[in-house]
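Thanks for coming. I will take a few minutes to walk through one model, and you can follow along on the screen.

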Amino acid sequence: MRRNSLLGQPGQGISEYALILVLMGLAVILILSVTGTDVASAYCKAVSSMGWNGLCGSYFVDSFNNLGNWLTASGNWRIENGELAGGVGEGRLFHEMSQSDYTLTVNGATLKQGNGYGVFFRSTNPTQVNGYSFQYDPGYGGGAFIMRKWVNGNELPPFAVASAPNYNWYNNPRQVQIQVKGNTYSAYMDGKLVVQGSDSTYTQGGVGFRTWDNTQARFDSVAVDPVK
Amino acid sequence: MLENAPSLKDYKRGLPSKPPAPSSARWRVLVMLVGALMLLLAIIGVNVARSDRMAYFTGTGTVTGVVIDENGKPIQVQVFVLKTNIAIQTDSTGAFQVSGVPAGQGSIVVARDGAGNEFPVAVVAGSMTDLGQIKFVGTRVPGQ
C-alpha cells in the first residue's frame, strides 16, 4: 500500500530527510530575514527558553580588573579599586563588537560629580564614532535621560528625552540596562524603564562609555547578553 | 532448499509495496534541491535589499544646499550622507553639492566642532535635489 504524504513516501532515504530539514531551516531563516529579526538573537532566545543557557552565553563580560578589553579614544580612564573610573574631561572608551541586538548591563554606575556620563551602543569607528549613546544627564534641561546619535564623532541633538528633575543623580550606584533590539532602544535604571527611542541609521556595533567636562564617574562591571 | 522461502504469514497484510522507480526518487531530490536554492536566493535577496549595496540597483542622485548659521550667515561645515561613506565640506559660501546619494528617503548631517544636525532628504535617481538654505545649530555643549 503506497502512502501519499511527502514524508511517508516509500523508498525515502536519509538524504531526503536531511534535505527536508535543510529546507525547513532555510524557510525559517527567510522568515526571520523578511521580518528584520536578527537570526543569532532569535536562536539564542530559542535555546534560552528551553533552558539550554550554556549554548548561548554572554557576548561580553568585564569586571574591570584591567583595561585590556577597551580602546581609549580620548580622556582619562583608569582602574580604581576594581572599578572603571572616568573623568574629568571629554572621554570615550570603546569595546568593539559586531552584534546587532543585545542587552547591555552596567552595574554600579555612579556619578560622583559633573553633568553626567554616557553609555555607547551600536558604535563603530572609535576615533570618529558612529553610533548611539544613552546619557545619564543631570546637566540637560534640569536633569534628563537622553539618547543621542553620533555621526563621524559629532553628537546630534537627542532623539529621545525623558525629563527627571527630581532624580537622585549623585553618589548612588545604579544598574543601567539598555536593550538594543531592531530599531528600538530601551534604557532602564535599576530595572525601571526611563527612556525609549528609535532610529534606523546604525544596525550593529560595540559598546562604550563617555565622560565630559567636570564629570567623574565609576562603573563596577559590564555585560552584553543576547536580547531576552 | 525452501527453508528461506517466505511463508503465508509474511503476506498477512497484502503484498509488499514495490520499491519506487529510481527516477521518482531522483525527481524528489531534484525538487527539494531546487526549493532549497530558491529559498537561499530569497534570503540573499532580502539581505541585499536591506544593505547599502541596494543603491547600485536603485540608482543615485545629487543633493545641493547652502548651510547658514543662526544669524543667517553662510558657514563652512562638514556634510555627511547617512548610511554611506560620503563626506564633503561646504565651500566658503556655505554651498555644497553631493553626488552619488542613494535614491529614496535618506538623511544628511551637517556638522562642525563636534556637533551636528540631521536633515531628511528625498533623492530621485538621476535628479538633483536642492535643500535650499539649511540652518546649522551647533552649540557644542555636551549636555545640551
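This is a predicted model: local features need pLDDT of at least 70, side-chain atom pairs count only at pLDDT 80 or more; totals for chains, interfaces and linings use all residues.

Chain B has two helices and seven strands. As for contacts in chain B with a separation of 6 or more, 56% are between residues 24 or more positions apart.

Now the helical part. Helix α1 of chain B covers residues 22-50, and Leu30(B) sits in that helix. The cut-offs here are under 20% for buried and over 50% for exposed. Leu30(B) also belongs to a nonpolar patch on the surface, together with Trp27(B), Val31(B), Val34(B) and Met38(B). The accessible area of this patch is about 520 Å² in total.

Next, the strands. Three strands of chain B make an open sheet, ordered β4-β1-β7, and the pairing is mixed. Which strands stand at the edges? They are β4, residues 95-102, and β7, residues 128-135, of chain B. Each has a single partner strand, so one side of each has no neighbour in the sheet. On average, neighbouring strands of this sheet are turned by 25° against each other, ignoring direction.

As a reminder, strands of a sheet pair through backbone hydrogen bonds, either parallel or antiparallel. In chain B, strand β1, residues 60-68, runs antiparallel to β4(B), and six bridges join the two. If you want a position to look for on the screen, find Val66(B), which stands opposite Ala95(B) in β4(B).

That leaves chain A. Chain A has 228 residues, and 50% of them are buried. Its elements are two helices and 17 strands. The accessible surface of chain A is about 10100 Å², with 52% belonging to carbon and sulfur atoms. Of the contacts in chain A between residues at least 6 apart in sequence, 60% join residues at least 24 apart.

That is what I have for today.

Terms used. Residues are numbered from 1 along each chain as its sequence is written. Chains are lettered from A and ligands numbered from 1 in the order in which they are written. Side-chain values use heavy atoms; hydrogens and water are left out. Helices (H or I, at least four residues) and strands (E, at least two) are DSSP runs, numbered from the N terminus. Contact means heavy atoms within 4.5 Å. Two strands pair if DSSP finds at least two bridges between them. Axes are lines fitted to C-alpha atoms, for helices over the stretch in contact, and angles run from 0 to 180 degrees between N-to-C directions. Buried means under 20% relative accessible area, exposed over 50%, partly exposed in between (1.4 Å probe, protein chains only). Accessible areas come from the Shrake-Rupley method with a 1.4 Å probe; for residues, only the protein chains shown count as cover. Patches are made of residues with over 30% relative accessible area and no salt bridge: like charges are joined within 9 Å, nonpolar side chains (Val, Leu, Ile, Met, Phe, Trp, Tyr) within 5 Å. A salt bridge is a side-chain nitrogen of Lys or Arg within 4 Å of a carboxyl oxygen of Asp or Glu.
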